[in-house]
Amino acid sequence: MNILKIDFAGRLITLITLAIAIVWAFPLYWALVTTLKPEFEVVQPGLNLLPKTWTLEAYTHVLTTTKIGQWYVNSIVVSVAVTILVVIMGALCGYALSQLRFRGRTVLWFTVLASFMVPIQALIVTHFVLMSQFGLINTWLGIILPQLIVPVVVIVYKQFFDSVPKDFREAARVDGASEFNIFFRIYLPMNWGVTTALAIITFIGAWNNFLWPFLVSTAEETMTITVGITQVKDNFGVQFARNLAAAVLAALPVAIAYLIFQRRVTQAIMLSAGIKG
Amino acid sequence: MYSKSRDSWVAAAFVAPFVIAYLVLFLYPTVRMVILTFTDAPLIGAGKWIGFKNYVRLFNDAAYLNAVWHTFYFVLLTVIPNTLLGLLFAMMVNRQKGYLQSLILAAFFLPYILPVSVVFRIWEWIMDYQFGIGQYAIEAVVGERVAMIRNKYWAMPAIAFITIWWTIGFNVLLFIAGLRNISQDMYDASALDGANRWKQFRFITWPLIWPVTALVLTIQLILQLKIFDQLYLLTLGGNVNNTMVLVQYIYKQAFQLNKGGYGATVAFSLFAIIVVVSVLQYQALRAKPR
């Protein structure tokens, strides 16, 4: 009798869980299905879960009348560059902090840790001044540079390099390998998993970044897609389907990256929160 | 063999890229921000040294004090609900198995990886006063249609709700990792002793998950103090003054009103607030619940 009762409660919780999950995901479905409806159908009242007329008009409109292709190129260049630079700089610095003994090491380590305190949003004014002095407003480099400070990548790499057994290093040193060889041939390949995880999360972060790219690109031609789809407006009527179609296109690369590398994304999130997974 | 000085050169080569980027793009802008707060400089160009005038102005600026208040109001609306809901959802996901578990987790996590502009477009559409599907839900709860974002009272709660919808996946993930570290034996043993679900939660889950809860609270608090993106985008259509938050006020002063010096002062105050709040929270969370 008692067992039956517990089972009933458990099933009820599962049902509630499912209901909440469906409600939570519904906005995503609703946005997606809206993009496949013609604009006049979009504004009809009621909950029409499927389009009466299926159409890609919203997508063709966005692709042909906005600079979305250019924004895509900008986003890809910026995100790839940020990812590569952040990962390389982080790995090199993390390796030095973990494996090399040099003057200023402790100072550097505490500087990296302390930089968590300064919110990057508080630096927008001076970043803008600096970029305009470099003549980098409305350029790819201007969008990229201020995004390069990601101390958590250094910290994660240091932790992982710390846990590589010292024997590998000693053996390589005896064989006469240089530090660069040890780094590129042993430490980096042994931690490919971490590198992939950090690279994916950095890419998603750079792709999704809004505030800085929004401030530094004022010309339509240099906007990233995240900024572009919010800043450029058509001048006529209701256009929910079109706006959402642009949004779907903007979300596509990160959604795909997530679906392919699900486990790595999860791992990277744990790592950056300080949980070694 | 390797000499000491040679080692230093090698180390320098390894740390150089990061250190140079750090000095130019982080340390210098931070120092420069502090210096700017003592000038009346425009966004671009030099200004006069005016001592502490910007700071005095800060405390007499009603719009600034409002922005501080709105920021803390937003923190209040998001941090604790987002953390507790995150724990609840994580426990719900954790009970499920296999395929169903991945599916439910995906439903909670997917919004988190979306760019803010996409989140903005989705909710602008759902909450639209005339055509939004969310108005059915709003009518059911409030009794009438409400243009949430343009409404003086509803704007902040609505934006907080959207923020929770968007970011809860992060908290759910951390809590799931924490829950998996709690040994099943504890639950089995307590079940033998006749503990019900609530007692299991109260005396096993809650105390053992507390380190993760404290971590999530800390991350959330610092994150939400820096709120800008979604709030800025959602209020593009109006109601800016009722929802102005600190980062937005930096943007307004420096970029819209061309007051670089004063904008930097607001930015510095945000930095100071984050430091003070983190220290206070660190002290508060060191205490363990019983």
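Modeller: Chain B has twelve helices and zero strands. Helices (H or I, at least four residues) and strands (E, at least two) are DSSP runs, numbered from the N terminus. This is a predicted model: local features need pLDDT of at least 70, side-chain atom pairs count only at pLDDT 80 or more, and totals for chains, interfaces and linings use all residues. Residues are numbered from 1 along each chain as written, with chains lettered from A and ligands numbered from 1 in the order written.

Biologist: Is chain B spread out or compact?

Modeller: The radius of gyration of chain B is 24 Å, well over the 19 Å from the globule rule for 290 residues, so chain B is more spread out than a compact globule. The radius is taken over C-alpha atoms, and the rule is 2.2 Å times the number of residues to the power 0.38.

Biologist: How many residues does each chain put into the contact?

Modeller: Chain B gives 63 residues and chain A gives 69. Contact means C-beta atoms, placed from the backbone, within 7 Å. Helix 1 (residues 4–36) gives the most on chain B's side, with 17 residues.

Biologist: Now the core. Which residues have the most contacts inside the largest nonpolar core?

Modeller: A:Val125, A:Ala247, B:Phe108, B:Val172 and B:Ile250, in a core of 159 residues. Such a core joins buried Ala, Val, Leu, Ile, Met, Phe, Trp, Tyr and Cys residues through C-beta atoms within 7 Å. Buried means 20 or more other C-beta atoms within 10 Å of a residue's own.

Biologist: Which helix gives the largest share?

Modeller: Helix 7 (residues 155–180) of chain B, with 15 residues.

Notes:
Contact = placed C-beta atoms within 7 Å. Buried ≥ 20, exposed ≤ 12 C-beta atoms within 10 Å, placed from the backbone.
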